[in-house]
Amino acid sequence: MRYAIFSDIHSNLEGLEAVLREAERCGADRLLCCGDIIGYNANPVECTELVREKGVRCIRGNHERGLVDLEAGNFPNMNPLAMAALHFTAEALPEEHRRWLVSLPDVLRVNDCFYLFHGSPSDPDEYIFDPFEAGYAFKSLLSDYPPPANLLCFIGHTHVCAAYSFDPERRKVRELGIRPGNRESLLPGSHYILNVGSCGQYRGGIPVATMALMDLDEMWVEFRFLEYDYRSTQKKVLAAGLPVPLAVRLGMGQ
């Protein structure tokens, strides 16, 4: 069984289409998303419809939960750019689309083999940027979730690809080097937290859409960094009246 896992689409139709093409080219059997289908960019309706059409299994991110906060009259914990995009999204989405997005689970156990979280096993809004923070996440993963969570999970939220392993014998967390297309073997007895980055607003310094490909039979994972037509996405952001910095950052990979 081969999975294509991605996250943080953020209403970027061009980035999502690039990831779906790559998943098909690589022979992915299943498609998974670690949340934040909406936000920041100009195609929330089209992206929601496409993930549903393609049968992508999704969880909620903080932007989907932001829709819940808005409806309840609460103020989501977001910066002004994210809030502007959230208001745009709430106005653009048909009610049926909104209901589907907010109904998604916050955690997904896939085929009794691994988990999807948005930010961290301990908190869906928590960011994991380094091995120190990953250490606390591993503690939560191993204590709060039953096997097979002690093997691996996939996350997003930071918009940057990363991979961390935990050796239970040495009690040590290690950050693995991420190189596009490099195949990382998932070793028996080790545990993994794998951040698939973002296919809609990557923040690693290059304008790409990212995803991970995992082969569950051979137990390996690869990260893919894909070029896409981000200039078209930028034009849509500006035409929609969204804040200019949201368009600019796409070209900077920030």
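Of the chain's 254 residues, 54% count as buried (under 20% relative accessible area with a 1.4 Å probe, protein chains only). This is a predicted model, where local features need pLDDT of at least 70 and side-chain atom pairs count only at pLDDT 80 or more, while totals for chains, interfaces and linings use all residues. Residues are numbered from 1 along each chain as its sequence is written, and side-chain values use heavy atoms, leaving out hydrogens and water.

**Overall build**
- You'll find eight helices and 12 strands here, taken as DSSP runs (H or I, at least four residues, for helices; E, at least two, for strands) and numbered from the N terminus.
- The C-alpha trace spans about 55 × 40 × 30 Å along its principal axes.
- Contacts here mean heavy atoms within 4.5 Å; of those in the chain with a separation of 6 or more, 76% come from residues 24 or more positions apart.

**Nonpolar cores**
- A core is a set of buried Ala, Val, Leu, Ile, Met, Phe, Trp, Tyr and Cys residues joined through side-chain atoms within 4.5 Å.
- The largest one has 46 residues, and Phe6, Ile9, Leu16, Ile37, Val51, Cys58 and Met211 have the most contacts inside it.
- Helix H1 (residues 13-25) supplies the largest share of this core, with six residues.
- Apart from that core lies another of 26 residues, including Phe114, Val208, Met214 and Val221.

**Around Phe6**
- Beyond its neighbours within four places in sequence, Phe6 touches Leu16, Val19 and Leu20, among others.
- Cys33, Cys34, Cys199 and Met211 are also among the contacts of Phe6.

Methods
Buried < 20%, exposed > 50% of the residue type's maximum accessible area, 1.4 Å probe, protein only.
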